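I opened a new notebook page for this chain. I wanted notes on the sheet, the charged pairs, the cores and the rings.

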Amino acid sequence: MAPFSLASPARPSRRRSLRAVVARATVSAVAFGALLSVTGGDPVVEPRTTPVADTGSTFRVGTYNVLGNSHTTATGNKPGWASGATRTGWALKLIGDARLSVVGLQEFEPEQYDRFREVGADTYAIYPGLGHPERPIRGLANSIIWRRDTWKMIEGKTMNVPYFKGALWPMPYVLLENRKTGERAWFYNSHNPADARGPAEQYRQQGFTMEADLTKRLQKATPGIQVFLLGDKNAKENYICPVSRQVPGVRSANNARVEDGVCKTPERLWIDWISGTSGMTFSNFTPVRTELAQKTSDHPLFWADATLKSASAPVAPAAPAANAVVIAVEGLRSQSLRSAGTATPTIRRMFARGAGTWDGRTTYERTTNLPNVVSMLTGRAVSTGSGGHGVTRPGVASTVHKAAGRYVSSVFDIVHNNGLATALFTSRSELRMVDTSWNGTNGGADPYGADDGRDKIDVFRLGAGDTAVTDAAVSRLATGRRGLTVVHLSGPDRVGQRYGFSSERYQAALRTLDGRVSRILGAIGRNSATAGKTRVILTGTHGGSGRTHSDPSVQGNFKVPFVVTGPEVPAGVSLYSLNADLASPGDERVAYSATKQPFRNAYASQLVTEALGLPDVPGTTLTRGRTVTALR
């Protein structure tokens, strides 16, 4: 390919202010790619329709910390250096002269992006650029660029990774397809924190574990497609050794790797890395330290030639479930439901045929309905001090966003923005807040492909009671629409608060609940579009004790069941056995600070996105740094 030149045709030289760039990015996603979100949802990848050429692809891949513009201003730590805009022109020349095909950039700031759009955007596509809906500047900082004439993007996503003092920054990964050979590869790019603002080893290691977990998920979801790991890791052996141990076969372009349990590294190591999975080979690893490179950044430009192993035919990923249904039940007390035994045969069969636990937990802060429902939809804690949604009780604010002080994404955002149907059925008027928060006025913009609008909940029905709610849900499920249906049932709680959560009336309410669950499952099974293609999640928004459920320190209130059934979910196993990062808490109430967390009802959103093959909800806090799954 021809090297990039600053004399190449460029976009009109119209400089935008930082404010204008950010404002423009906030209202719409960049045209070249759809932004997806955080931490670990399996990719949605359409299988190839044409064979892959029977020769491996060889191309040049690089990583470059371009030294952010803020470092070289009058108040920065390198005030004598050229501006970010000037250095971006030099960086593009270095990248073009080296004939790099794909490059991970770090410390890429708005002024540098502005210059890139003027002189580089005709040659290179970029992701995410300023396209992140919640954190445009942070998303921009670690963008990936690739030659437009060589690659096209199939999928683009970000994963929230701890940066300075644990603050979360979105790190991108993209699936690119070679326009000539049809070969595909994933490219992940990250900047992990240095110790410049205090000891950061714990945050680096958290990020490296997340990187390894992501690599394994991508390998599982898209078998045969290799994963490149790029970036300024701010670590040497402490990066490559743990990642290579967690993902067998990973090795770096300068041949650092783990063999027979021993980490082997070359004599000279850097903190900038080009690595990849076992289905590729590297050659010609080169740090560029020319005079121009030393004026451009305090890091060399690193590159290597990578060859993907040949593949004569495409490998299609496993298809995601066609549908996801969440049955959220108020006052679903684990002890009482478990002891009900054969009186609740449908729910018992769900536990026998799926993955579940009787030792689930509500949010730590609240054992009341609305806060837990919002946590289940957003994956967030309640307290705003820890990045939570702020909905502590009904009436605290008109929308979730006002309670949180910022826009809060929900699982309805992710499902709806990806063109799938959404519905919520309830008899509790307090859940009007959910509909209002994500309606046509208060819902966020759609940054994914075709614009599906701001109203994230296609159907919201407030019924007179659980019978009406179940009837409406069954009618909806009978249509076979693919997407997410949330059914919120309140009967057990109403009875428990009136007669007691250990009363005979409550036991009767559980039997009635079982019948309603049976009707919902029956509706799924009768439609060929959803039968055998639907992941069902059943859990409690809270439990109950005596005639109340409001005290979060009472075990009967915070202990809830959680069960998942459907395609690919193993039968009769504990959810804890599928999630090594979690631990059954027994009778204990476990705070968010504990290393080993219990399985919380708020993990429902991540299991929905897993079921539908979608990214996780942006801004989730309760699954930060870990993957929660219902699959082996």
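Is arginine 115 buried, partly exposed or exposed? I looked it up in what is a predicted model. Arginine 115 comes out as partly exposed, at a relative accessible area of 26%.

**Entry: the chain overall**

I took the totals next. The chain has 632 residues, and 59% of them are buried. I found 19 helices and 22 strands. I then asked about sequence separation in the contacts. Among contacts with a separation of 6 or more, 74% are between residues 24 or more positions apart.

**Entry: arginine 115 and its partner**

I went back to arginine 115. Its side chain forms a salt bridge with glutamate 118, with 3.3 Å between the closest N and O atoms. Both residues sit in helix H3, which covers residues 110–119. They are 3 residues apart, about one turn of the helix. Glutamate 118 has a relative accessible area of 4%, so I noted it as buried. Arginine 115, at 26%, is partly exposed.

**Entry: other salt bridges**

How many salt bridges does the structure hold? I count 21. I kept in mind that side chains of opposite charge can pair when their charged atoms come close.

I picked aspartate 466 and arginine 516. Their closest N and O atoms are 3.9 Å apart. This pair links distant parts of the chain, 50 residues apart. Aspartate 466 belongs to helix H14, and arginine 516 to helix H16 (residues 504–526). Buried or exposed? Aspartate 466 and arginine 516 are both buried.

I also looked for shared partners. Arg251, Arg257, Glu259 and Lys264 are joined into one network by such salt bridges. One link in it is glutamate 259 with arginine 251, at 3.6 Å from N to O. Glutamate 259 is partly exposed, with 26% relative accessibility. Arginine 251 is partly exposed too, with a relative accessible area of 30%.

**Entry: the sheet**

I traced an open sheet of 8 strands with mixed pairing. I wrote its order down as E18-E17-E19-E15-E20-E21-E16-E22. Which strands stand at the edges? They are E18 (459–462) and E22 (573–574). Each has a single partner strand, so one side of each is left without a neighbour in the sheet.

Strand E16 (residues 355–361) runs parallel to E22, and 2 bridges join them. Glycine 356 faces serine 574 of E22 there.

I then checked which helices pack on the sheet. Helix H9 (residues 345–353) does, touching E16, E20 (534–540) and E21 (559–565). The direction of H9 makes about 65° with that of E21. Helix H14 (residues 466–477) packs on the sheet as well. H14 touches E15 (323–329), E17 (421–426), E18 and E19 (483–489). Its direction makes about 165° with that of E19. H14 is also the helix that holds aspartate 466.

**Entry: nonpolar cores**

I turned to the largest nonpolar core, which has 53 residues. Which members touch the most others? They are Val434, Leu484, Phe599 and Val608. I listed the contacts of phenylalanine 599, leaving aside neighbours within four places in sequence. Among them are Thr357, Asp359, Gly360 and Arg361, and also Phe562, Leu575, Tyr576 and Val628. A separate core has 29 residues, including Ile327, Leu332, Leu337 and Phe351.

**Entry: aromatic pairs**

I count 20 aromatic pairs. I describe a pair of rings by the distance of the centres and the angle of the planes.

Phenylalanine 208 and tyrosine 239 are edge-to-face, with centres 5.0 Å apart and 70° between the planes. Phenylalanine 208 is in helix H5 (residues 201–221) and tyrosine 239 in helix H6 (residues 237–246), so the pair ties together parts 31 residues apart in sequence. Both residues are buried.

Why is the pair of phenylalanine 228 and phenylalanine 282 edge-to-face? The planes of these rings lie at 80°, and planes over 60 degrees apart count as edge-to-face. Their centres are 6.1 Å apart. Phenylalanine 228 lies in strand E8 (residues 226–232) and phenylalanine 282 in strand E13 (residues 280–288), so this pair ties together parts 54 residues apart in sequence. Phenylalanine 228 is buried at 0% relative accessibility. Phenylalanine 282 is buried at 17%.

Last, I noted a cluster. Ring pairs link Phe228 and Phe282 with Phe59, Trp151 and Phe187.

Conventions
Residues are numbered from 1 along each chain as its sequence is written. Side-chain values use heavy atoms; hydrogens and water are left out. Two strands pair if DSSP finds at least two bridges between them. Helices (H or I, at least four residues) and strands (E, at least two) are DSSP runs, numbered from the N terminus. Contact means heavy atoms within 4.5 Å. Axes are lines fitted to C-alpha atoms, for helices over the stretch in contact, and angles run from 0 to 180 degrees between N-to-C directions. A salt bridge is a side-chain nitrogen of Lys or Arg within 4 Å of a carboxyl oxygen of Asp or Glu. Buried means under 20% relative accessible area, exposed over 50%, partly exposed in between (1.4 Å probe, protein chains only). A nonpolar core is a set of buried Ala, Val, Leu, Ile, Met, Phe, Trp, Tyr and Cys residues joined through side-chain atoms within 4.5 Å. Rings of Phe, Tyr and Trp (its six-membered ring) pair if their centres lie within 6.5 Å; planes under 30 degrees apart count as stacked, over 60 as edge-to-face and the rest as tilted.
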